[in-house]
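Here's a quick walk through one protein model, from the overall fold down to a few packed side chains. Have a look at it first, then read on.

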Amino acid sequence: MLVIIEKMGLLTIMLAIGYMCAKLKLVGPDFNKGLSKLVINVFLAGMILSSVINKQLEMSGSDVAFGIGMLTLMSLISLGIGFITPSVLRFKGGDTGMYRILVAFGNVGFVGLPIISAVYGAQFVFFAALVNIPFNLLLYTVGVMQLQDGGDNKKFQLKKALNVPIIATLIATVIFIFEIPMPLIVEDTASTVGAACVPLSMMSVGLSLGNVSIKEALTQPRLYAVNIVRLLIVPLATWGVLQFIIDDPVMLGTVVIMSACPPAIVCPILGMDYGRDGVEGSEAVFIGSILSIVTVPIIISVLGL
């Protein structure tokens, strides 16, 4: 437990550094926009590839297929809970579609993979990265459908779902299955680039939250309710179902931790693309990111992951 708290504390400090940089105006929104793209398209891809290049992983091709299936089931559980959350909590008014996707989609890229790397080690990053496949397919289909009501009704574009993390995951899967050896310079490059992913991703989260009004965010009970569902109910439900299917404790822990991530930053960004103002969504992400510092260790400890 102390190790988990230490790892989460380290990630929190990195997030706080990014937040303070934004508040002190050391960098602006344009910088963070560029940094976010770098994290997703370069550093995260490097971490995914580094997890399999010239590594002897105790996984088989059937394990990969099973993992994709379990992570897809996790995503569907999150989606189902997200869909009923506004009705169960009896929200009156507000952006129902946004509430649904905030619960359904966690910050698996910026927060989930760094936590898995910190808790279980880099060898499990590849398995966790498989979540990008169902995550993106569901986000850019069902997720977009939740935002189109009252928005500008843009048509879904499949190419948006096929992003760099998915491509990196697919390449990593091919390298893993066929045991393709890579030159040392490729291994070192991927390792060096991937090592920067954890600190930069958490700083990017902090930077993105720097423009959120803390006072406004902390005085909205509805956002706390959404995050309690996202951070506690979703992982507990995921664990409740998958504990009867997954025998490997680390695999089960990886899936549950990925389900315990705070709301994805992409949710308010995608919302703005479909006509929302993005403020309430950003405030929900802010609260969730702070609460997850406490809830993730609690989930890991209580469930014995």
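Helices here are DSSP runs of H or I with at least four residues, strands are runs of E with at least two, and both are numbered from the N terminus. On that basis L147 belongs to helix α7.

A bit of bookkeeping: this is a predicted model, so local features need pLDDT of at least 70 and side-chain atom pairs count only at pLDDT 80 or more, while totals for chains, interfaces and linings use all residues. Numbering starts from 1 along each chain as its sequence is written, and side-chain values use heavy atoms, with hydrogens and water left out.

**The whole chain**

The protein chain has 16 helices and zero strands. Its radius of gyration is 18 Å, close to the 19 Å from the globule rule for 305 residues, so the chain is as compact as a globular protein of that length. That radius is taken over C-alpha atoms, and the rule is 2.2 Å times the number of residues to the power 0.38. Along the principal axes, the C-alpha atoms fill a box of roughly 55 × 45 × 45 Å.

How many of the nine residues of helix α4 are buried? Eight are, so this helix (residues 96-104) is largely enclosed by the rest of the structure. The buried ones include G97, M98 and I101. Their cover includes α3 (61-88), α7 (132-148), α13 (221-242), α15 (266-273) and α16 (279-302).

Back to L147, which is buried with a relative accessible area of 0%. Leaving aside residues up to four places away in sequence, L147 touches G97, M98, I101, L270, G271, Y274 and R276. L147 and Y274 are 127 residues apart along the chain, yet their C-alpha atoms are separated by 6.3 Å.

**Rings**

Rings of Phe, Tyr and Trp (its six-membered ring) pair if their centres lie within 6.5 Å; planes under 30 degrees apart are stacked, over 60 edge-to-face, and the rest tilted. The count comes to five aromatic pairs. Take F105 and F135: with centres 5.5 Å apart and planes at 85°, the pair is edge-to-face. F105 lies in the loop between α4 and α5 (108-120) and F135 in helix α7, so the pair ties together parts that are 30 residues apart in sequence. Both F105, at 3% relative accessible area, and F135, at 10%, are buried.

Then there's F126 with F176, a tilted pair with centres 5.4 Å apart and planes at 45°. F126 sits in helix α6 (residues 125-129) and F176 in helix α9 (residues 164-178), so this pair links parts 50 residues apart in sequence.

One sits over a ring if NZ of Lys or CZ of Arg is within 6 Å of the ring centre and within 35 degrees of the ring normal.

| Charged residue | Ring | Distance to ring centre |
|---|---|---|
| R100 | F83 | 4.1 Å |
| R222 | F91 | 4.8 Å |

**The core**

A nonpolar core is a set of buried Ala, Val, Leu, Ile, Met, Phe, Trp, Tyr and Cys residues joined through side-chain atoms within 4.5 Å. In the largest one, with 90 residues, F105, L113, F126 and M258 touch the most other members.

Definitions and conventions. Buried means under 20% relative accessible area, exposed over 50%, partly exposed in between (1.4 Å probe, protein chains only). Contact means heavy atoms within 4.5 Å.
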